[in-house]
Amino acid sequence: MISRRLLFTVMIPALVALSTTSASAATLKVVASFTVLADVVRQVGGDHVTVTSLVGPNGDPHEFEPSPSDARNLNAAQVAFVSGEGLEGWMDRLISASGYKGKPIVVSEGIRLRTMDEDGQTVTDPHVWNSPVNVKVWVANIEQALADAAPAHAAVFKTNAEAYLKKLNELDAYAHSKLEKIALDHRKVLTSHDAFGYFGREYGVQFLAPIGVSTESEASAADVAKLIEQIKAEHVKTYFFENSNDPRLVKQIAKATGAAPGGELYVESLSDAKGPASTYEKMFRYNVDQLVAAMAKAS
Ligand SMILES: [Zn+2]
């Protein structure tokens with residue numbers, strides 16, 4: 001790990017020097033930290049932005065080893081977006097390595113955040129996008145930042161944002177209508193890490209997970225034992241993998257409790273273009289459908 005980091009730092013200046021070609025006048029060059037955010041920026045920016053995601057499809061946005069090309073992309077960006085609230089712990093290091101002079105826009109600013117207790121410490125849950133109600137705040141922040149960077153296109157960004165807000169309202173209504181058909185005491189699911197807190201808050205679903213709000217943390221044997229007891233006591237019958245996380249621990253817990261596999265959820269990373277969750281809209285609908293199907297079967 002250390003040698004990779006050193007190599008990375010040494011390589012950057014030379015590569016950045018080679019990559020000073022400027023963005024075309026017509027489109028804004030934009031970088032977003034991860035795929036879910038990149039998609040929402042594309043929805044608002046439309047034809048006037050070229051968006052690059054740093055973390056790629058099916059990638060883990062908590063733990064990320066940026067490459068020299070990520071540094072080049074960031075260095076060339078006219079606007080950079082992060083979700084914030086502790087999600088992208090690797091970003092500051094990348095900013096200094098890349099020589100990027102701007103300050104990333106934190107799109108989650110203004111969202112009513114969840115905090116929770118993790119091993120005696122209060123932590124903020126960064127997975128705001130798993131409720132489309134929160135993504136509406138992202139959209140407002142993205143529209144503002146793009147309009148500031150390219151005032152000539154402000155009217156287009158506004159039109160795009162309004163159209164996308166309508167879609168987000170539809171997603172929210174879809175989830176409410178689907179989930180409200182499931183009895184409240186059956187809306188319980190086991191997942192790998194605590195990424196669905198905002199979804200749970202919005203739609204009355206209880207998610208249990210062995211790992212906390214960041215995949216950087218690890219579950220202790222005592223945590224796992226406690227969780228197994230809780231799953232049994234609360235009759236949680238279904239578990240899900242995450243597309244961007246190692247499924248071994250959740251499988252092991254499921255085996256000890258008798259919970260059945262429900263499939264895969266897209267928690268913090270889109271699929272590639274061929275997969276079932278290539279946009280935020282598809283990801284959210286896919287997750288709702290998977291969860292509802294599993295909970296209906298278990299009830
Ligand atoms: Zn996460």
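The side chain of Thr27 makes a polar contact with the side chain of Thr50 at 3.3 Å, a polar contact being a pair of N or O atoms within 3.5 Å, of which, within protein, one must be able to donate a hydrogen and the other to accept it, while residues adjacent in sequence count only if both atoms are side-chain atoms. This is a predicted model, in which local features need pLDDT of at least 70 and side-chain atom pairs count only at pLDDT 80 or more, whereas totals for chains, interfaces and linings use all residues. Residues are numbered from 1 along each chain as its sequence is written, and side-chain values use heavy atoms, with hydrogens and water left out. Thr27 sits in the loop between α1 (2-18) and β1 (28-32), where helices (H or I, at least four residues) and strands (E, at least two) are DSSP runs numbered from the N terminus. Once neighbours within four places in sequence are set aside, Thr27 is in contact (heavy atoms within 4.5 Å) with Asp47, His48, Val49, Thr50 and Gln78.

Turning to the whole chain, the secondary structure comes to 10 helices and 10 strands. The radius of gyration, taken over C-alpha atoms, is 20 Å, close to the 19 Å that the globule rule gives for 299 residues, so the chain is as compact as a globular protein of that length; the rule is 2.2 Å times the number of residues to the power 0.38.

The domain assignment, automatic or from a database, gives domain 1 (22-173) and domain 2 (179-298). The centres of the two domains, taken over C-alpha atoms, are separated by 25 Å, and 36 residues of domain 1 are in contact with 31 residues of domain 2.

Both domains give residues to the lining of the largest pocket, so this pocket lies between them. The lining residues divide into 12 nonpolar, 7 polar and 9 charged, with Ala, Val, Leu, Ile, Met, Phe, Trp, Tyr, Cys and Pro counted as nonpolar, Asp, Glu, Lys and Arg as charged, and the others, Gly among them, as polar.
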